[in-house]
Amino acid sequence: MPAITASDLRQRLGHDCLSLALPAAEVAARLYHLGPLRVMTQASHAFLDQVGRFPRSDDVAQVGLVLGEDGLDLRLNLRAWHWLCLTRGQAAGDFELRVFDRHAAPLLRLASLPGSNLQAWAELYAQGSLEHPHFTPREALVKTDVQVAGLVDDWAAMGDVHDHFALLKRHGLTRYQGNQGVAPQFARRIGSAGTAALLGQLADSGLELMVFIYSPGSTQIYTGKLDGATRQGDSLVFDMPGDGDAAPTRFGIRDTVEAEAWRVYKPNAVGGVNSLEIFDAEQRLIVQLFGRRPAGQPEQPAWRELLDRLEAGQ
């Protein structure tokens with residue numbers, strides 16, 4: 001089924017769709033009251049779809065931090081939320097909240113479930129309006145070679161992986177440009193077999209992973225093994241049942257040879273961390289993966305060995 005776009009929804013305004021002209025932080029603060037939801041973050045070639053409940057916490061609205069007791073794990077960038085729209089289906093209790101950025105790219109989708117608080121959903125829908133959103137075209141990507149003086153030295157001096165964000169901002173670089181600028185010392189391209197084949201190898205390893213799906217307004221995180229793989233058209237889809245640590249999760253990635261996979265190493269105080277980062281043709285991050293590790297602990301040797309094999313083309 002084709003994805004529903006912002007243009008599709010704009011045409012349905014006044015029928016089964018309304019704009020929600022409330023501050024993003026106010027909406028985020030009310031998500032707990034909606035009860036259990038289906039939560040999906042969509043990247044350009046991938047999605048992460050989970051069942052969970054937003055926590056009752058000021059952190060959700062103030063800093064976008066979502067750490068649900070059922071394993072729901074997101075980082076919301078509320079500043080990127082441009083158009084929020086609510087839809088109501090023909091079936092009773094069938095609601096959805098969709099969030100788009102100023103370029104009409106989908107950021108986040110929340111859908112009601114049979115156990116949701118339908119009164120809270122109805123109250124939110126009642127605050128909708130017929131206001132039409134306005135979008136601006138995304139600027140075309142201009143690919144350039146990046147050579148930044150001092151970048152490699154600054155990267156080598158990192159003491160924590162979270163220093164990475166400040167480093168990129170200081171040098172005025174995107175994540176992709178940062179990888180280019182420290183290659184091959186700290187970042188290297190991996191193969192060209194396609195994203196589905198690469199993710200299939202990760203699943204076959206049986207390792208527990210941390211999977212980060214990025215949209216400009218939401219980063220959604222799954223921690224665990226990749227199981228239940230099926231081919232659905234041009235996509236590889238994994239279905240993981242929930243347990244005590246993780247919400248029920250579906251993760252899908254479209255197979256494309258245009259995507260680029262990078263192995264990236266960031267120094268820290270306990271031996272450094274390796275990630276696998278997959279970018280689309282527009283140099284936007286699709287998915288980032290790590291070997292699962294407790295905070296402050298060294299990463300799994302098996303994860304490094306797996307990346308060694310992938311880098312060697314095995």
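Modeller: First, a term: buried means under 20% relative accessible area and exposed over 50%, with partly exposed in between (1.4 Å probe, protein chains only). Helices (H or I, at least four residues) and strands (E, at least two) are DSSP runs, numbered from the N terminus. This is a predicted model, in which local features need pLDDT of at least 70 and side-chain atom pairs count only at pLDDT 80 or more, while totals for chains, interfaces and linings use all residues. Residues are numbered from 1 along each chain as its sequence is written, and side-chain values use heavy atoms, with hydrogens and water left out.

Colleague: Which residues of helix H6 are buried?

Modeller: In H6 (residues 163-171), they are His164, Leu167 and Leu168. Seen down the helix axis, these buried residues fall within an arc of 95°, so they line one face of H6 (the arc is that of the directions from the axis to the C-beta atoms).

Colleague: What do they pack against?

Modeller: The buried residues of H6 are in contact (heavy atoms within 4.5 Å) with helix H5 (151-156), helix H7 (175-182) and strand S15 (260-266). Lys169 and Arg170 are exposed, on the face of H6 turned away from its buried side. After H6 comes glycine 172, with a positive phi near 65°.

Colleague: Turning to strands, is S10 enclosed or open?

Modeller: Strand S10 (residues 209-215) is largely enclosed by the rest of the structure, because 7 of its 7 residues are buried. Leu209, Val211, Ile213 and Ser215 point one way, and Met210, Phe212 and Tyr214 point the other way.

Colleague: Which strands does S10 pair with?

Modeller: Two strands pair if DSSP finds at least two bridges between them. S10 runs antiparallel to strand S11 (residues 218-224), joined by 7 bridges, and a hairpin connects S10 to S11 through 2 residues. Phenylalanine 212 has isoleucine 221 of S11 as its bridge partner. S10 also runs antiparallel to strand S17 (residues 285-291), with 5 bridges, and there leucine 209 is partnered with glycine 291.

Colleague: What about glutamate 277: buried or exposed?

Modeller: Glutamate 277, in strand S16 (residues 273-279), is buried, with a relative accessible area of 0%.

Colleague: Which side chains does its side chain make polar contacts with?

Modeller: A polar contact is a pair of N or O atoms within 3.5 Å; within protein, one must be able to donate a hydrogen and the other to accept it, and residues adjacent in sequence count only if both atoms are side-chain atoms. The side chain of glutamate 277 makes such contacts with the side chains of lysine 266 (3.3 Å) and glutamine 288 (2.9 Å).

Colleague: How many residues does the largest nonpolar core have?

Modeller: It has 32 residues, and those with the most contacts inside it are Phe54, Leu76, Trp81, Leu97 and Leu110. A nonpolar core is a set of buried Ala, Val, Leu, Ile, Met, Phe, Trp, Tyr and Cys residues joined through side-chain atoms within 4.5 Å. Helix H4 gives the largest share of this core, 4 residues. A second, separate core of 31 residues includes Leu202, Leu207, Leu226 and Ile286.

Colleague: Finally, how many aromatic pairs does the structure hold?

Modeller: It holds 11. Rings of Phe, Tyr and Trp (its six-membered ring) pair if their centres lie within 6.5 Å; planes under 30 degrees apart count as stacked, over 60 as edge-to-face and the rest as tilted. Phenylalanine 238 and phenylalanine 251 form a stacked pair, 5.9 Å centre to centre with 15° between the planes.
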